[in-house]
Amino acid sequence: MKHTITLAITATILIGALRAAAAPQPNVIVILGDDMGLDSVSAFNPKMGMNTPAIDRLASEGMSFMDAHSTSGVCSPTRYGLLTGRYNWRSRLKRGIVGKWERPLIADARLTLPEMFRAQGYATCMIGKWHLGWNWPKKGGGVTQKLDEIDFTKPISGGPNSHGFDYYFGDDVPNWPPYAWRENERLIGTPSTQMKQGTMIGVSAGPAVADWDFSAVLLEYGKRCSEYVRGRKGKEQPFFLYFPMPSPHTPIAPGGKFKGITGISPYADFLVESDWAVGEIMKALDETGQADNTVVFFTCDNGTSPQANFPQLDAAGVHLNANWRGWKADAYEGGHRVPFIVRWPGRIKPGTRSDETIVLTDIMASCAGILGTELSANIAEDSVNLLPVLRGRKFEKPLHDVVIHHSGSGHFAIRKSQWKLLLCRGSGGWSPPREAEAAEQKLPMLQLYDLSSDPSESKNLQAKYPDKVKELVADLAKAFRNGRTTPGPPQQNEGWPYPVHKQVIQKFPELADPKTKS
């Protein structure tokens, strides 16, 4: 069996059966926005200048974590972390994203969030963006990563259905080939690897879509999520729905009535449409009487992208990077500080906020807590159960000893209490100064900030507090060495995590791979 290493299956089934006899298990929905930092939700940003009413409603009816972080400043790494409870840099993905035609990132033997739910008797569904790799079938047999060798007529494994989802409808990345809807392990229609003016060509339309272009994608997902929730009404079996939205990531393509709806910009329109998609799910829950027995998570995969055109938005009075330094891909807060809301009527006090420092890997242990099941020690190595906090419990110590951030180019940062150490000279990502520019400016190779007094990360204190730097480096080395940041036996990483700058290794040899140390 695939997961003999991950769960005591017999115990899990017995626990699930006992709980099911006592009370119905709640449905669980996880909504993941794409390129949408904390400042993109009006409930959290008084300077925003436009409204996100559906997401704001979730905040008013649940608990919002104001110090929540994606595991990375870019897309694929965070998706890996959310579905496994493990930092991506423990996998083969040490920087960047999963590329076009790449093999699956999640190992077959690793338990995922939907597999955990399915072991508890849940129906599992994913609608939306995958971006974690596939086993592309090769003409004549086997798999390949070469475009000209792929047989698009065969099932494509390694995706959502191979990792715990009973049903899947979605895409890999909307503006990446092959341009076609995917349902379970099949492409719908004859795929194209060419685009023309933002429209997929050579592709048969999916159900209920007359002309599938970029602007149709989010509309279709919003409709299908609503239909799925409505279709679960009256069923005894609880469900888990994962909705990774393709928005407001590029291509910025608002659809239908949302084109021009704000009078500000297509990006602003797309943000309004993203909020609408969240609202469609909430409306379906309300109208089918399932809201009270459904836990809804809303969060995002990284900070807002500069493709939003911040100067244009600022000129229109819309401020989406007003409170945090940097943006998508960065090690700065703007790269990974994201909205994180949990609503569970009757179980979570409405309109509450928490200042606990958390990370998206925590969703897995939190869902295990909701289910009343225990995860074995060799999975979800970086996941902490948030359920006690959600139920109102106060802690003297932080839930996490440390939280580790990772930029798009693979630069590390580590957070401990109010202290944050960046192992890079600049942003580690896309905002200025980029690393080459920072090197030309001869900026220090490390940055230390006290976020309690300097949330904008403007005063580098690394020279003033060398002992704090050493402490945080030692904590990072421990996280590397132990293969986990939670209590439990040491685990193996898939290759040694590495800081990018060689000078960092030279100064702090404890960060180096023990196998290569002299």
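How many of the ten residues of helix α9 (residues 362-371) are buried? The legends below, which refer to a predicted model, begin with this helix.

**View 1. Helix α9 and the residue that follows it.** Nine of the ten residues in α9 are buried, so that the helix is mostly covered. The buried positions are D362, I363, M364, A365, S366, C367, A368, I370 and L371. After α9 comes G372, which has a positive phi, near 75°.

**View 2. The aromatic pair of Y87 and W89.** The whole structure contains 24 aromatic pairs. One of them joins Y87 and W89 in a stacked arrangement, with 5.2 Å centre to centre and 15° between the planes. Y87 and W89 are both buried.

**View 3. An aromatic cluster and two arginines placed over tryptophan rings.** One cluster is formed by W101, W130, W134, W136, F152 and Y168. Over the face of W134 lies R182, at 4.5 Å from the ring centre. At W324, the charged end of R337 sits over the ring, 3.9 Å from its centre.

**View 4. The open four-stranded sheet and helix α12.** The strands follow the order β13-β14-β15-β16 and pair in antiparallel fashion. Because β13 (403-406) and β16 (447-450) stand at the edges with a single partner strand each, one side of each has no neighbour in the sheet. From one strand to the next, the twist averages 15°. Four bridges connect β13 with β14 (residues 412-416) in the antiparallel sense, and H406 has F412 of β14 as its bridge partner. Helix α12 (residues 466-482) lies across β13, β14, β15 (419-422) and β16, and runs at about 110° to β14.

How values were computed: Residues numbered from 1 in each chain as written. Predicted model: local features only at pLDDT ≥ 70, side-chain atom pairs only at ≥ 80, totals over all residues. Heavy atoms only, no water. Buried < 20%, exposed > 50% of the residue type's maximum accessible area, 1.4 Å probe, protein only. Helix = DSSP H or I, 4+ residues; strand = E, 2+ residues; numbered from the N terminus. Phe/Tyr/Trp six-rings, centres within 6.5 Å; stacked < 30°, edge-to-face > 60°. Lys NZ or Arg CZ within 6 Å of the ring centre and 35° of its normal. Pairing = 2+ DSSP bridges. Axes fitted to C-alpha atoms, helices over the stretch in contact; angles between N-to-C directions. Contact = heavy atoms within 4.5 Å.
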